[in-house]
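Visitor: I have the sequence and the structure open. Can you walk me through them?

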Amino acid sequence: MGSARAPGLAVPPWAGWGSLALVLALWVALVAVPLFAVLSRVKGPEALFDPGVLGIARLTALQAVASAGISALVGLPLGLWMGSFGGRLAAACESLLAMPFGVPSIVAAMAWVVLLGKSGPLAFLDLSYSLGAVILAHVFFNVPWVALLVAQSRRGLAPRLEEAASGLGAGAWARFRFVAWPQVRWAFWSASAQALAFCVMSFALVLVLGGGPPVQTLETALYGRVRFGALDLSGAVACAAWELVLTLIPWCAVLWFQSRERRAIGNADAGWSRRSSRFGSISAVALGSFFILPYLGVYAGSFGGLSPGDFFGEIRAPLLVSVELACLSGLGALLLAVLTLFAMGFVRSRASVGNALAALLLLPGGMSALVLGLGLWLAYGRWIDPFAGSLAAMAALQVALFFPIAFRALWPLAQAMPLRRLEAALTLGASPWRAFWLLDWPRWRGPVSSALGLVIAASISEVAAVSLFYSEELVPLPLLVSRWMAQYRFEEAQAVAALLLTLAMGSVLILRGVGGRRVR
Amino acid sequence: MNFSGRSGFLGSVLFFFSAIAAAQAPTPPELVIYTYDSIVARGGLGPEIFPRFEKRCGCRVRALSSGDGGQLLTRLQLDAERGKPTAHLALGLDEALFERARPWLAEWGKWKPAGWDRLLRELKPREGFLPFDYGYFAFMGDREGLSGGQFPKSLKELLDPKWRRKLILQDPRTSTPGLAFVLYARAAGGEGFLSKFRGQWLTLAPGWDQAYGLFLRKEAPLVWSYTTSQAYHEEHGDPAGRYRALLFEEGQPIQIEGVALVKGTPTSPRQEALRREFLEFLISPEVQELVPRKNWMLPARVGTRLPASFEKLPRPRKIVRLPVEAHEIERVLEEWRHGVESAS
C-alpha cells in the first residue's frame, strides 16, 4: 500500500501505518475491551429474545421510524430551499440550524414540559406525557439537522446545471430528480440515518416527556437495568444489542451504497453565485430560528430569588470541570477523527478494508453511553479507582462516543480532495505542508471548527459518562442540575439548565463563526 | 549580609527537618463511605457531620456519592464484580436496598453500637443495619392546584375519575419512592388495585426530584413524596399551608434509612474501630439534631429535639410496613408491569 491515488488523502506509508496502528489501539482500548468486559458477564443468549425486550425494541423502532421519517420529509424540502440562498444571511441560517444539535437533552425535556404542560402555551394540543410529545420533540430536534446537511450539500451544486436543465425545459420535479437529488441524496440519507440513531438512543426526552411506561425505549429500559438496585447485565446487554442493530443497520446501508458509487471529485468552483434574494434569506433565517424557539422556554423561570454572588460561587468549580471536559473531549474527538482520516486515506486502495474500518470506528455512535461506561468501569476498575473521580476517564469515554460526530463532519471533505490543484502545487515545488495550508486548510477550517463546536456542545450536556466517573471534586454542570433538584433547589437547577443551554448553543455558534464558514 | 546568609542557612535547615518530620508523621487513617448525592452535596448532612467526625477521630473521611440509594447498591455490586471493594461503610440504604445488598455487607457479631437502645422501637433495628433517619411517604397536595376542592382522604378515593391525570408518581423501576408507592398500593389497595389505577397518574417521572419539580410547576395538584416536604415548604415561605402532606385512611408507608458495614474491604484494626465509632456518632444526639433540616427526614433517636415545622407534621394513623424481600418486590413489580402493559 503506497500513497493513495484515488480520491482521498494522499498519505505517506509511515504516517499511514502509524495512524492506523494508533487508531486501532485506541479503538481496542476504548471500545473493544469495555464491550468484551460487559459481554463476558452475560448469562446466555436467551436474554436477547426475552419478549419484554423484544416489545421495547419494537416500540423503539416504531417511535424512531416515525420521528426520523417526519424529520426527513420536512427536512429535505427545507434544506433544498435554504440551500438555494447564498450570502451572509445564509451562513447565519446554517448556524441557526446547527444550534439545536447543541441543546442538552435534559434542557430540551424541561423546555417541552413548559410548553406542553398544563399551563403551557401548547397545552391545547393535549400531548403532554405521551408518545406524541416524544415524537414532536424529536422532530424539532432532527428537522434542522437534516435540513442543514441537505442545504450544505445543495450549495455544492453548480447553478449552471440547474440553469441548463431549465433552459432545456425541465420542470421543477425533473430538475429535482435529475439535478438536485443526485447531489444531495447521500447527505440526505446519512442525515436521516443519523436522525434515526438519535431517536433510537434518545433518553432524557423519552424519560421525561413520555410519561413512563408503556412509552419507553431501549435506552430507558437499559437505564433501569443498570442504574437501579439490581444490576441486570444480561438484560442491559440485550437492550444494547438491539439498539446497535437499529442504529447501525441504516448507517451501514448508507455506507455500503455510497461505496458502490464512485463520487465525483469535488469541484472547488461548484456552487458559485447562489441566489441572494434578501426576502428569501430573511425568511430562511426566521425559519431557522423557529427550531430554537421551544428551548428558550428554559429561560422563562423566575430567577428573582437567586443571589448572583452565591450562585456563581457555587457553580464556579462545576463550570470549570465542564469547560475542561468539553475542551478535552472536543480536541480528542477531532484528533481521533483526523487520525482516522489518515488511516482511511492509507487503506483507500482497498475499499473493503476502509469500509470495515469505518464501520468499526462508527460503532460507538450506535452504542449506549451507559453500556460503554459500564464496560470501562468493569474493564479498568481493577487498575484505576473509578470512585476517586477521573476527568481522563470521562474524557476518554466522551471521545469514544462523540468521535463519530467529528468523523462524519470531516469525511466528505477528505473524500473530495481537489487533487488536481494540490498536485499542481506540489509539482511546482510547494512543500506538502505549504500546499495544504494554502490550498486545503481554507476548505477544512469551517467544518473542523463546526465539528469541534458540535462535540463541545454534546460534551457539555452529556450525563451518562460523567455520572459514572465523577467525584465530589469533579461535579460537572449537568450533575449539578439533578443534585440541586434533589435538594428542593429547583430555581437554581433551572438557572444551571439555562446556563448549560447558553454554553452549548454558544459553543456551536462561536466555533462556526471562528471557522469563518462562507456560504456562497 | 552575614545575618541574611545565616538566616537563609537556618531556614534551609529548618525546612529540611520539618520536611523530614512531615514525611515521617503518621498519615491519618482513612474511612471511605459510599453514600448518595444529596447527603454529600453542599447544604446536606455530610458537610456538617464529616468534619466533626474527622476532628473527633483524627482520621480522614472520604465520602463517595453515587446518585441515589439505588445507584449506591449498584456500586456495591460493581465493586464485588471487579473484585475490589473500596468502601468501609454504606450510608443511606433503606430496608429494601439493605436486604438486596446483604451479600456485600458485613455482620456485626456480638457488637452493638452505643445508643442502640435509644432508637425508636418502630424502626425495628436489626443486626447489621443501623437506622439513622426515617420518613413517611405521602401525597403532597397543592391547595391552589385544587381550586377549592377537597383533598382525597384514602388511597381508594384516588380511583375516582375526578383524580384522573391529577397525580404525579415516580417510575418504580428507577426510583425508591416510586417503588414504595407500588408496594404500598398493592399492600393497602389489595389485588387488582394496580391495574385499575393505571391511567390515573399524569406521568411517571424517573425520580423524586423530577416529579417534585413538575408538581411545583403546577402540572398536577398531587405528588408522591414525604410528609417532611410540608416542613420544607413551611420553612421556606409557605406559612399559609398551601402545600400539605395528605394522610390516608389506609396508613402511610415508612422509609427507614440506615448505615451498614461493607464486607471485604481491606480494613486495618484502627479502621475497623473507626467505622464502628462512626455508626455510634451517627445516632448521637449531636448528629440526630441535624437530620431534620439537613436531610429533611425524621431522626431515629428517641427524644431528639425537632424544629417547629417538624413538630407540626401530621402523624400517620397507621404505619404500613412494605415488603423488603427481593422476590416479593419482584412479584409486585411484575404485577405492576403487567397492569401497565395490558392497559397500553
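Visitor: How many helices and strands does chain A have?
Guide: This is a predicted model. Burial first: of the 520 residues of chain A, 54% count as buried. As for secondary structure, chain A has 20 helices and zero strands.

Visitor: In chain A, what share of contacts between residues at least 6 apart in sequence join residues at least 24 apart?
Guide: A contact here means C-beta atoms within 7 Å. Take the chain A contacts between residues at least 6 apart in sequence. The share joining residues at least 24 apart is 84%.

Visitor: At what angle do helix H2 (residues 51-82) and helix H5 (residues 131-154) of chain A pack?
Guide: H2(A) passes H5(A) in a right-handed crossing. Their contact has 20 nonpolar, seven polar and one charged residues. The axes are 6 Å apart, and the angle is about 35°.

Visitor: H2(A) also packs with helix H7 (residues 172-200) of chain A. How many nonpolar, polar and charged residues does that contact have?
Guide: The axes are 9 Å apart, at an angle of about 145°. H2(A) passes H7(A) in a right-handed crossing. On the H2(A) side, the residues include Ala64(A), Ala68(A), Gly75(A) and Leu76(A); on the H7(A) side, they include Val184(A), Phe188(A) and Leu196(A). By class, the count is 13 nonpolar, six polar and no charged.

Visitor: What distance separates the end C-alpha atoms of helix H14 (residues 369-380) of chain A, and what span should its residues give?
Guide: H14(A) has 12 residues. The expected span is 1.5 Å times one less than that number. That should give 16 Å; the end C-alpha atoms agree, because they are 16 Å apart.

Visitor: Is H14(A) largely enclosed or open?
Guide: A residue is buried if 20 or more other C-beta atoms lie within 10 Å of its own. The buried residues of H14(A) include Leu370(A), Gly373(A), Trp377(A) and Ala379(A). In total 11 of the 12 are buried, so H14(A) is largely enclosed by the rest of the structure.

Visitor: How many residues of helix H19 (residues 477-485) of chain A are buried?
Guide: The buried residues of H19(A) include Leu477(A), Ser482(A), Arg483(A) and Trp484(A). The helix is mostly covered. The count is nine of nine.

Visitor: How many helices and strands does chain B have?
Guide: The C-alpha atoms of chain B fill a box of roughly 95 × 45 × 40 Å. Buried residues make up 48% of its 344 residues. Chain B has 15 helices and 11 strands.

Visitor: Which element gives the most residues to the side of domain 1 of chain B that touches domain 2 of chain B?
Guide: The assignment gives domain 1 (30-134 + 255-307) and domain 2 (135-254 + 313-343). Here 15 residues of domain 1 of chain B are in contact with 13 residues of domain 2 of chain B. Helix H4 (69-81), helix H5 (95-101) and strand S9 (252-261) of chain B each give two or more residues to the domain 1 side. The largest share, four residues, comes from H5(B).

Visitor: Which element gives the most to the side of chain B that touches chain A?
Guide: 43 residues of chain B are in contact with 36 residues of chain A. The elements giving two or more residues to the chain B side include strand S2 (60-65), helix H9 (208-216) and helix H15 (326-343) of chain B. That side divides into 14 nonpolar, 16 polar and 13 charged residues. The most, seven residues, comes from H4(B).

Conventions:
Residues numbered from 1 in each chain as written. Chains lettered and ligands numbered in written order. Predicted model: local features only at pLDDT ≥ 70, side-chain atom pairs only at ≥ 80, totals over all residues. Domains from an automatic or database assignment. Contact = placed C-beta atoms within 7 Å. Nonpolar A, V, L, I, M, F, W, Y, C, P; charged D, E, K, R; others polar. Axes fitted to C-alpha atoms, helices over the stretch in contact; angles between N-to-C directions. Left-handed = near helix turned anticlockwise from the far one by under 90°.
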